[in-house]
Amino acid sequence: MGGNECKKPLLEKVYYEGCPGCCVDQKKEVQTGLPMKEVFCIWIVTLSVTLPISSLFPFLYFMVRDLNIAEEEEDISYYAGYVGSTYMIGRALTSVFWGVVADRYGRKPVILLGTSSVVIFNTLFGFSVNYWMAIVTRFLLGFLNGLLVTVKAYASELLREEHRALALSSISTARGIGLVIGPAMGGFLAQETLHIHKNNELESASNVSDVEKKDSTLLSLLKNWPLMSSIILYCVFSLQNMAYAEIFSLWAVSPRSLGGLGYTTEDVGRALSITGVGLLVFQTTLYPIAERTFGPIMVARISGVMSIPLLSSYPYIAMLSGSMLFFTLNCASIVKNVLAASIITGTFMLQNKAVDQHQRGMANGIAMTLQSAFQAIGPTHVAEHCDLSWTQKRQHAAFLPGNQMIFFILNVIGGVGVLLTFKPFLPTNHY
């Protein structure tokens with residue numbers, strides 16, 4: 001008879017009435033199947049904050065030209081780089097602050113404020129009548145937007161362990177649209193995930209009774225090497241991705257005489273749209289399988305290695321024309337962005353595994369601050385040192401002529417990132 005009795009766990013998890021985090025944990029325990037509504041909400045809200053970054057570069061060159069700030073055509077890329085960087089500078093200044101706010105007052109208020117700021121300041125940016133208005137609105141857009149800081153922590157807490165890779169991959173694949181839909185969908189994120197018990201104490205889902213004993217100060221997180229190493233890895237690849245995003249668009253619209261493709265903004269937008277569809281399909285179907293099979297570190301390492309020969313082929317793609325150019329460029333763009341998204345998703349998972357729940361807001365704030373600083377370097381450095389005039393002067397150089405040098409620099413950054421995925425820098429045994 002004793003063999004047929006249901007054995008109860010020695011330590012039953014205690015749930016507190018009125019605690020939003022406990023409510024979410026209870027729902028996760030009885031959750032069956034894939035929670036499509038939650039994944040979709042995370043995905044669409046993240047789109048609203050990635051739109052100002054990813055959609056800017058195809059038309060930025062022409063926007064700066066029409067604002068008449070550049071005296072010479074060769075100076076347009078220089079000024080365009082600063083427009084791209086101001087968003088990251090603003091975000092770098094406040095990311096830790098928004099992480100602290102999310103840990104103290106909850107994820108939902110920060111998410112709603114972030115999606116609303118995207119609508120307001122991105123609209124004002126579109127109505128810019130001069131260069132400095134564009135600079136200021138881009139800065140405020142980043143300064144008041146703590147969405148990405150919070151949504152990564154939210155995604156890792158809202159779903160069961162087996163669905164966590166899919167939730168975080170949906171963040172890394174967010175592209176393109178959602179500016180108007182974002183705030184509306186943010187309202188669906190009404191379930192808070194923080195544990196708020198008596199006296200508004202915020203407690204960890206993993207060990208409610210021990211939270212007060214744990215040090216969640218900024219200094220303790222900076223001393224957390226598994227966290228900091230994954231953040232540094234994240235920053236290096238983010239720098240490469242941001243530089244690639246601007247280089248791709250400037251390279252595509254530049255004349256063929258300078259080694260470009262001679263594309264219009266419509267052609268670039270079409271290529272990025274096709275890339276976005278392919279990226280979404282891969283990340284929602286194949287990435288979770290790859291992550292479970294190889295782990296986030298190995299997936300990131302393989303993706304980094306594969307990116308190097310792929311980027312090296314871009315200058316030779318410019319030699320093609322017609323349907324062959326269209327097909328080859330779109331295949332290369334899809335593969336490059338799939339590899340980049342796989343790396344970023346892996347670093348998301350490493351960062352959230354390295355800390356407890358009550359530290360995730362601040363931890364993601366640190367990550368976003370450093371990442372924004374790295375990404376602010378990307379457009380400015382690229383625009384200043386890899387603009388069209390610099391490329392034109394090197395068309396007949398003996399070593400890496402023209403655009404070959406630009407993509408070589410990207411590969412150097414990617415190579416450094418790959419090296420950082422190995423011990424002793426990245427403590428793989430911790431994960």
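Visitor: Where is N68 found?

Guide: N68 lies in the loop between α3 (57-66) and α4 (76-105). Helices (H or I, at least four residues) and strands (E, at least two) are DSSP runs, numbered from the N terminus. The chain has 19 helices and two strands.

Visitor: What should I know about the model itself?

Guide: This is a predicted model, in which residues are numbered from 1 along each chain as its sequence is written, and local features need pLDDT of at least 70, while side-chain atom pairs count only at pLDDT 80 or more and totals for chains, interfaces and linings use all residues. Side-chain values use heavy atoms, with hydrogens and water left out.

Visitor: What is pLDDT, and what does the chain average?

Guide: pLDDT is the predictor's confidence in each residue, from 0 to 100. The average for the chain is 74, and 71% of the residues score at least 70.

Visitor: In which helix is confidence lowest, and in which is it highest?

Guide: The lowest mean, 36, belongs to helix α9 (residues 181-186), and the highest, 92, to helix α14 (residues 296-312). Where pLDDT is low, the predicted coordinates should not be read in detail. Over residues 1-10 the pLDDT stays under 50, and the model shows zero contacts beyond four places in sequence for them. A contact means heavy atoms within 4.5 Å. Residues 199-215 also have a pLDDT below 50, but this stretch has 34 contacts in the model beyond near neighbours in sequence.

Visitor: Back to N68. Is N68 buried or exposed?

Guide: Buried means under 20% relative accessible area, exposed over 50%, and partly exposed in between (1.4 Å probe, protein chains only). N68 has 66% relative accessibility and so counts as exposed. Its phi is near 60 degrees, a positive value in a residue other than glycine.

Visitor: What is the phi of L400?

Guide: L400 has a positive phi of about 50 degrees, although it is not a glycine. L400 sits in the loop between α18 (388-393) and α19. Its relative accessible area is 18%, so L400 is buried. Over the chain of 431 residues, 55% count as buried.

Visitor: Which peptide bond is cis?

Guide: The bond from K423 to P424 is cis, with omega near 5 degrees. P424 belongs to the segment after α19 (403-419).

Visitor: How do I read the packing of two helices, and at what angle do α5 and α6 pack?

Guide: Axes are lines fitted to C-alpha atoms, for helices over the stretch in contact, and angles run from 0 to 180 degrees between N-to-C directions. Angles under 35 degrees count as roughly parallel, over 145 as roughly antiparallel, 65 to 115 as roughly perpendicular and the rest as oblique. Helix α5 (residues 107-126) and helix α6 (residues 131-143) pack at about 170 degrees, with their axes 8 Å apart. α5 and α6 are therefore roughly antiparallel to each other.

Visitor: Which residues of α5 and α6 meet?

Guide: From α5 come S117, V118, F121, N122, L124 and F125, which meet M133, A134, T137, R138, L140 and L141 of α6. By class, eight of these residues are nonpolar, three polar and one charged. Here Ala, Val, Leu, Ile, Met, Phe, Trp, Tyr, Cys and Pro count as nonpolar, Asp, Glu, Lys and Arg as charged, and the others, Gly among them, as polar.

Visitor: How far apart are the axes of α12 and α13?

Guide: The axes of helix α12 (residues 265-285) and helix α13 (residues 287-294) are 4 Å apart, at an angle of about 45 degrees. α12 and α13 are therefore oblique to each other. F282, Q283, T284 and T285 of α12 make the contact with Y287, P288 and I289 of α13. This contact has four nonpolar, three polar and no charged residues.

Visitor: How many salt bridges are counted?

Guide: A salt bridge is a side-chain nitrogen of Lys or Arg within 4 Å of a carboxyl oxygen of Asp or Glu. The count comes to one. R270 pairs with D267, the closest N and O atoms being 3.0 Å apart. R270 and D267 are three residues apart in helix α12, which means a separation of about one helical turn. R270 is partly exposed at 43% relative accessible area, and D267 is partly exposed at 24%.
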